[in-house]
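Here is my note on the model. Please read the points below with the structure open.

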Amino acid sequence: MKHTPGKWTMKKRSDGKVYLIDAPEQFIAEVDNDDINKEEAAANARLIIKAVNNFDAVLEALESAYALSCARSESRKIWTISDQKVHEQLKQAIAKVKEE
């Protein structure tokens, strides 16, 4: 299952205690500041939104870097330890991003 598409946004509830996270025409979540200060709650909400709104771009960048890593190794026929490490890190990052 994929996450809710669209540009997610944040707004403050009228009482100022909760930050609401919305997608186009859909409520997603709320981040309250009962146990943390307002600034930290707002930062947490922004982090969630940035992660979702940049998900596709990050995945595309990882896959492009992985493809370049594969092409580089093919053209050189020799992998350095550094090449192998970067290649594996990219492969693992892509798998994590695609995890359900």
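1. A term to begin with: strands here are DSSP runs of E, at least two residues, numbered from the N terminus. The model is predicted. Ala23 lies in strand β2, which covers residues 18-23.

2. Is Ala23 buried or exposed? Its relative accessible area is 7%. Buried means under 20%, so Ala23 counts as buried.

3. Now the contacts. Leaving out residues up to four places away in sequence, Ala23 touches Thr4, Pro5, Lys7, Trp8 and Ile28. Take Lys7 from that list. Ala23 and Lys7 are 16 residues apart along the chain, yet their C-alpha atoms are separated by 5.9 Å.

4. Next, the sheet. Strands of a sheet pair through backbone hydrogen bonds, either parallel or antiparallel. In this model three strands make an open sheet, ordered β1-β2-β3, with antiparallel pairing. β1 (9-12) and β3 (26-32) are the edge strands, and each pairs on one side only. From one strand to the next, the twist averages 30°.

5. How many bridges join β1 to β2? There are four, and the two strands run antiparallel.

6. Last, the helix. Helix α1 spans residues 38-53 and packs on the sheet. The helix touches β1, β2 and β3. Its direction makes about 10° with that of β2, the strand that holds Ala23.

Definitions and conventions:
Residues numbered from 1 in each chain as written. Predicted model: local features only at pLDDT ≥ 70, side-chain atom pairs only at ≥ 80, totals over all residues. Heavy atoms only, no water. Buried < 20%, exposed > 50% of the residue type's maximum accessible area, 1.4 Å probe, protein only. Contact = heavy atoms within 4.5 Å. Pairing = 2+ DSSP bridges. Axes fitted to C-alpha atoms, helices over the stretch in contact; angles between N-to-C directions.
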